[in-house]
Amino acid sequence: MSEDEEMTKVNIASSADIIAARGKGRELAMKMGFNVVDQTKITTAISELTRNIVTYAGKGEVTIEKAQSETGDKNGIVVVCVDEGPGIKDIGLVLKGGVSTSGSLGLGLSGAKQLMDEFEIKSKPGEGTIITIKKWLRRR
Ligand SMILES: Nc1ncnc2c1ncn2[C@@H]1O[C@H](COP(=O)(O)OP(=O)(O)O)[C@@H](O)[C@H]1O
Ligand SMILES: [Mg+2]
């Protein structure tokens, strides 16, 4: 199957959409051979980032697909969360954790970063946020 056929896109605007995105992430991770612990790390990261889309941007989308490292020696999963919401002013600060504008714990972004192997965030106030996370399959 080509990588295209493996790509899933879920529009995110509600809790039901978050659950759907988690399910798609779990499904691909399982199919690719991630162990249960890694499947859970991936779905937890998807939960946190898509929950942020609903809470802070109202709506957005997430794509989930297979990834390969630039050198081609690693296979994994890449999740891209995109919204056109208010954006994040101080990315460095929110990544340290414990900062929340919704009276929550403020551990979603920092947690997602720790759970995944790669974490990239692009955000501009007034324009939106794009967060790309990756997890590589461990070689046996
Ligand atoms: N997609 C987003 N758009 C705008 N702001 C965001 C987004 N995601 C996170 N933020 C900002 O970053 C802060 C930290 O997010 P997070 O670590 O998930 O903690 P929490 O959601 O518990 O506040 C949020 O309180 C919010 O201000
Ligand atoms: Mg959050």
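Biologist: Before we count anything, what makes a residue buried?

Modeller: Take the residue's C-beta atom, placed from the backbone, and look at the other C-beta atoms within 10 Å of it. With 12 or fewer, the residue is exposed. To be called buried, the number of neighbours has to be 20 or more.

Biologist: And what percentage of the protein chain is buried?

Modeller: Keep in mind that this is a predicted model. The protein chain has 140 residues, and the buried share of them is 29%.

Biologist: In what order do the helices and strands come?

Modeller: The protein chain has four helices and five strands. Reading from the N terminus, the order is β-α-α-β-β-α-α-β-β.

Biologist: What is the radius of gyration, and why call the chain as compact as a globular protein of that length?

Modeller: Start from the globule rule, which gives 14 Å for 140 residues. The chain comes close to that value, so it is as compact as a globular protein of that length. The radius of gyration is 15 Å.

Biologist: Let's turn to α1. Which of its residues are buried, and where do they sit around the axis?

Modeller: Helix α1 covers residues 15-32 and reaches 26 Å from its first C-alpha to its last. Its buried residues are I18, A21, R22, G25, L28 and A29. An α-helix has 3.6 residues a turn, so residues three or four places apart point the same way. Viewed down the axis, the buried residues of α1 fall within an arc of 135°, so they line one face of the helix.

Biologist: Which exposed residues are on the face turned away?

Modeller: The buried residues of α1 are covered by elements including β1, α2, β2 and β3. Turned away from that buried side is a face with the exposed residues A16 and K31.

Biologist: Now ligand 1: which element gives the largest share of the shell around it?

Modeller: There are 23 residues around ligand 1, and N52, S100, T101, S104 and G108 come nearest. Two elements give two or more residues each to that shell, α2 (36-57) and α4 (108-115). The largest share is five residues, and it comes from α2.

Biologist: How many residues of that shell are charged?

Modeller: Sort the shell around ligand 1 by type and you get 10 nonpolar and 11 polar residues. The charged ones number two.

Key: Residues numbered from 1 in each chain as written. Chains lettered and ligands numbered in written order. Predicted model: local features only at pLDDT ≥ 70, side-chain atom pairs only at ≥ 80, totals over all residues. Rg over C-alpha atoms; globule rule 2.2 N^0.38 Å. Near = placed C-beta within 6 Å. Nonpolar A, V, L, I, M, F, W, Y, C, P; charged D, E, K, R; others polar. Expected span 1.5 Å × (residues − 1). Arc of directions from axis to C-beta. Contact = placed C-beta atoms within 7 Å.
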